[in-house]
Amino acid sequence: MLEDIKEVLITEEQIAHKVKELGSKLAEEYRDKNPLVICVLKGAAPFMTDLVKHMNIHLEMDFMDVSSYGNRTESSGEVKIIKDLNTTVQGRHVLIVEDIIDSGLTLKYLVDLLRHRKAESVKIVTLLDKPHRRKVDLKPDLTGFEVPDEFVVGYGLDYAERYRNLPFIGVLKPEVYTAE
Ligand code: XMP
Ligand code: MG
């Protein structure tokens, strides 16, 4: 698996440090608000589980799976709900936890949906952002790292469902894509 990596962009230590910083900020912000922390599956799962360990407040977690990608590396623009929330969001302070924002289409859809369901507030924390790729007007409230316009894997992010278990964020060797 490691032999497929061209370059490490963000190390395990850098991620851990940043996640702690983000979690502490969020704990301040959501103290006494019992936020509903929503993980966007599958990519945001490692980030979310690490993040909440640094939020020393009462909160609830839920999971949602939406898809606009399949196994390709470009957004189709279509968003499909694969798994919906188990929780009613009406009147709740909702925090969406995302792995990466690219075109913004996925999150735009989610934010609109949660507002439509009458959430009291909707905020976004993303580990990674590719701001230059945006197709819709969408800004995360908190960002871990900005990354260049390259396809990245690791710490939840996959290529064709692989590499999610890497502890760092890296870039694949081009031959990994072209081997198919
Ligand atoms: P949009 O374009 O809707 O896409 O903002 C967000 C989703 O696209 C996936 N994505 C990536 N996944 N490496 C990945 O493994 C990447 O570089 C990348 N860029 C976008 C991801 O699922 C994200 O939630
Ligand atoms: Mg995702």
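In the predicted model, His93 stands opposite Ser121 of strand S6. Strands S5 and S6 run parallel and are joined by eight bridges. Between them the chain passes from S5 through helix H3 to S6, forming a right-handed β-α-β crossover. Strand S6, comprising residues 121-129, is mostly covered, with eight of its nine residues buried. S6 also pairs with strand S7 (residues 142-146), again in the parallel sense, over four bridges. In this pairing, Leu128 stands opposite Phe145 of S7.

A total of 17 residues surround ligand 1, the closest being Ser103, Gly104, Thr106, Val152 and Asp158. By class, the shell consists of seven nonpolar, four polar and six charged residues.

Polar atoms of the protein approach oxygen atoms of ligand 1 from both side chains and backbone. A polar side-chain atom of Thr106 is placed 2.4 Å from a ligand oxygen atom, and a polar backbone atom of Asp102 lies 2.9 Å from an oxygen atom of the ligand. For Glu98, the distance between a polar side-chain atom and an oxygen atom of ligand 1 is 3.3 Å. Ligand 1 taken alone exposes 510 Å², of which the protein buries 91%. Two or more residues of the shell are supplied by each of strand S5 (93-101) and helix H3 (105-116). The largest contribution comes from S5, which gives four residues.

Notes:
Residues numbered from 1 in each chain as written. Chains lettered and ligands numbered in written order. Predicted model: local features only at pLDDT ≥ 70, side-chain atom pairs only at ≥ 80, totals over all residues. Heavy atoms only, no water. Near = heavy atom within 4 Å. Polar contact = N/O pair within 3.5 Å; in protein donor to acceptor, adjacent residues only side chain to side chain. Areas by Shrake-Rupley, 256 points an atom, 1.4 Å probe, with all protein chains shown as cover. Nonpolar A, V, L, I, M, F, W, Y, C, P; charged D, E, K, R; others polar. Buried < 20%, exposed > 50% of the residue type's maximum accessible area, 1.4 Å probe, protein only. Pairing = 2+ DSSP bridges. Right-handed = clockwise from strand over helix to strand, strands pointing away.
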